[in-house]
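Please keep the structure in view while reading.

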Amino acid sequence: DEQLDLDDGRWEDIHVVTGALKLFLRELPEPLVPFSHFDKFIAAIKIQELSLRGHCIRELVLSLPPAHHDTMKVLFRHLCRVVEHKEENRMSVQSVAIVFGPTLLRPASEEGNMAMHMVFQNQVVEHILNHYGYIF
C-alpha cells in the first residue's frame, strides 16, 4: 500500500534498486523457478552434450507456470541489457549469475551441499542469459 516516489534521490543509487529487486524476489513464497523445477534445472545444466542441455533448459523454461515464465522473460531481458553494458557497470554474465542465481533458483530445503548447489544455480542463470533468444 506504500506509495513510492521514484523521483526521490535515494532511488538514484543503482545498488539500492538492485537490492530492492533481489529482496523482493528472495521474499516470494516460492522462487521464480518453482521448487518443483529446481532438481530438473540442476539435472539439465549437468548434461554434457551442449545441444541437449540447451534443449532441456528451454523446455523447462517453457514448462513453467505462465506467471513465472512471463516474469522470467522480462527479468532476463533486462539482465541481458545490463550485461550489454558490462564495460561501464562491470556486470558480466558471470557476475549477474552470481548475484541472481541463488535468488531465482533455490531448493525447497537447504539440506545438502549448498556450495555445490550454488555453482549449478549460477550456471543455470548464466545459460539462460547466454541463450535468451533461443529460450524465449
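## Terms and model

A crossing is left-handed if the near helix is turned anticlockwise from the far one by less than a right angle, and right-handed if clockwise. Helices are DSSP runs (H or I, at least four residues), numbered from the N terminus.

The model is predicted: local features need pLDDT of at least 70, side-chain atom pairs count only at pLDDT 80 or more, and totals for chains, interfaces and linings use all residues. Residues are numbered from 1 along each chain as its sequence is written, and side-chain values use heavy atoms, with hydrogens and water left out.

## Helices α2 and α3

Helix α2 covers residues 35-45 and helix α3 residues 50-62; their axes lie 8 Å apart, at an angle of about 160 degrees. (Axes are lines fitted to C-alpha atoms over the stretch in contact, and angles run from 0 to 180 degrees between N-to-C directions.) The two helices are therefore roughly antiparallel, a term for angles over 145 degrees. The crossing of α2 and α3 is left-handed.

In this contact (heavy atoms within 4.5 Å), His37, Lys40, Phe41, Ala44 and Ile45 of α2 meet Arg53, Cys56, Ile57, Leu60 and Val61 of α3. These comprise 7 nonpolar, 1 polar and 2 charged residues. Ala, Val, Leu, Ile, Met, Phe, Trp, Tyr, Cys and Pro count as nonpolar, Asp, Glu, Lys and Arg as charged, and the others, Gly among them, as polar.

## Helices α4 and α6

Helix α4 (residues 66-84) packs with helix α6 (residues 93-104) at about 155 degrees, and their axes are 10 Å apart. This pair is therefore also roughly antiparallel, but its crossing is right-handed.

From α4, Leu75, Phe76, Leu79, Val82 and Val83 meet Val93, Val96, Phe100 and Leu104 of α6. The contact of α4 with α6 has 9 nonpolar, no polar and no charged residues.

Notes: Parallel < 35°, antiparallel > 145°, perpendicular 65-115°, else oblique.
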